[in-house]
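Welcome! Take a look at it first, and then we will start from one side chain.

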Amino acid sequence: MKKTVRYGIIGAGFISDLHLHALKPLRDSKVEVVCVAARDQQKVAHFAKRHNIPCFYTDWRTMVAKEQLDIVDICTPTSLHGEMIKELASLGKAIICEKPLSGYFGKELPTEQVGKEVSRE
């Protein structure tokens, strides 16, 4: 019998809601949502209660250090992803990190080419 995946989520906003909605069919059988972390204590407490998550933190590093997590889902602003990914990877954590569809178009491209051509190098 396969074990339940222990899942932690960083962020308590719109994207976090979407990810938890997608996990709904797996909860309580294959995925256990263990904890959530977000900076705003009131917001994260409300989010945890609304989604029946037993534990919440205002610091994601504390959450990762204290909880035995199999996977961490990063649902924060894109500008925070790099640091979180590097730290979580260095700890050997499996990571879910959704990237925006807009992507990087390259500063060297003429303005009229932005969104039409992306260097593969």
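The side chain of H81 reaches the backbone oxygen of T76 at 2.8 Å. Please keep in mind that this is a predicted model, in which local features need pLDDT of at least 70, side-chain atom pairs count only at pLDDT 80 or more, and totals for chains, interfaces and linings use all residues. Residues are numbered from 1 along each chain as its sequence is written, and side-chain values use heavy atoms, with hydrogens and water left out.

**Around H81**
- H81 is buried (under 20% relative accessible area, with a 1.4 Å probe and protein chains only), at a value of 3%.
- Leaving aside residues up to four places away in sequence, H81 touches I74, T76, C97, E98 and K99, where contact means heavy atoms within 4.5 Å.

**The helix that holds it**
- H81 belongs to helix α4, residues 78-90; helices are DSSP runs (H or I, at least four residues) and strands are too (E, at least two), numbered from the N terminus.
- M84 and L88 are buried in α4 along with H81.
- The buried residues of α4 pack against β1 (5-10), α3 (60-66), β4 (71-74) and β5 (94-97).
- After α4 comes G92, with a positive phi near 80 degrees.

**The whole protein**
- The protein has 4 helices and 5 strands, and along the sequence they follow the pattern β-α-β-α-β-α-β-α-β.
- Of its 121 residues, 34% count as buried.
- Among contacts between residues at least 6 apart in sequence, 56% join residues at least 24 apart.

Terms used
Buried < 20%, exposed > 50% of the residue type's maximum accessible area, 1.4 Å probe, protein only. Polar contact = N/O pair within 3.5 Å; in protein donor to acceptor, adjacent residues only side chain to side chain.
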